[in-house]
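Have the sequence and the 3D view ready.

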Amino acid sequence: MNLWDHLGELRQRLLICLYVLFAGLPVGGFLVSPIIAWLSKPVGDLVFIQPMEAFTAQLEIAVGISFLVGLPVILYQTWGFVSAGLSKKEKGYFRWMIPVAYFLFMGGVAFSAFWVFPRAVQFLLTLKSQHLVPMLSVEAYLKFFILLCVAFGVLFELPLVLHLLAKLGILHADVLMKNRKISYFLIFLAATLFNPVPEVLTQMVLAGAAIALFEVSIWLVRWETRSKEGKTRS
């Protein structure tokens, strides 16, 4: 397949992704009001301070829902384009890695949306005072929600990232196991410093989730290291 054929295939796959996104917009538009009502539960009514802000926020929600609904198709199209240049072994690896990465990311998003975000908002609202009155803009509120969801979605990819580094020979299980205590300390420190809710239960839950991901990462790296050693001996 020459360059023009590759460009033609890329164009076709991009068009399919765009069609999927446009097809999902009615679903996203239908869910805009329920999602805004759910998001605003911890704070009550939200306001918009610019003429286009309410429209932009609703459009972002509709596009976001459309993207999440169509993400499996987008990943499939991406895989179909990239897999042509991969070896059989690489195809076998990415064939299971891509779905796992999707479910891990969605798990992190769900954890943030249903646990971290409501508690973070409730705590931040306690900082109001006589001269500090909360008047939350829907655009800023939505950006804060998206930021937390993306951050935890990326955090939940930790096992796959470390496994990929092990597969490339950059990381070994011994390194992680020798530094387990230091890693635990850094995890608890990060859960304390970067947690938007300075409350013990939430800090413990965040640290526990990060430690669980770290332990899964150690298991995956150890499995990959043993697999490589077995192939080398044989």
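How much space lies in the largest cavity? About 40 Å³. Before going on, keep in mind that this is a predicted model, where local features need pLDDT of at least 70, side-chain atom pairs count only at pLDDT 80 or more, and totals for chains, interfaces and linings use all residues. Residues are numbered from 1 along each chain as its sequence is written, and side-chain values use heavy atoms, with hydrogens and water left out.

On a 1 Å grid over the protein atoms alone, a cavity is a set of points where a 1.4 Å probe fits but cannot get out, while a pocket is an open set with protein on both sides within 12 Å along at least five of seven lines; lining residues have an atom within 4 Å of a point. Grid points are joined across faces, edges and corners, and a volume is the space filled by probe spheres set on the points. The count comes to 1 cavity of 30 Å³ or more.

Here is how the two spaces look next to each other:

| Space | Volume | Lining residues by type |
|---|---|---|
| Largest cavity | About 40 Å³ | 7 nonpolar, no polar, no charged |
| Largest pocket | About 520 Å³ | 18 nonpolar, 1 polar, 1 charged |

In that table, Ala, Val, Leu, Ile, Met, Phe, Trp, Tyr, Cys and Pro count as nonpolar, Asp, Glu, Lys and Arg as charged, and the others, Gly among them, as polar.

The cavity is lined by Ile36, Leu39, Leu46, Ile61, Val138, Tyr141 and Leu142. Helices H1 (3-39) and H4 (138-155) each give two or more residues to that lining, and H4 gives the most, with 3 residues. Helices here are DSSP runs (H or I, at least four residues), numbered from the N terminus.

As for the pocket, 20 residues line it, and Gly64, Ile65, Leu68, Phe145 and Ile146 are the closest to its centre.

Phe145 turns up again in the largest nonpolar core, a set of 24 residues where Phe111, Phe117 and Phe145 touch the most other members. Such a core joins buried (under 20% relative accessible area, 1.4 Å probe, protein chains only) Ala, Val, Leu, Ile, Met, Phe, Trp, Tyr and Cys residues through side-chain atoms within 4.5 Å. Leaving aside neighbours within four places in sequence, Phe145 is in contact (heavy atoms within 4.5 Å) with Trp38, Leu39, Ala113 and Phe117. Another core lies apart from it, with 10 residues, including Ala166 and Phe214.

Terms used:
Buried means under 20% relative accessible area, exposed over 50%, partly exposed in between (1.4 Å probe, protein chains only).
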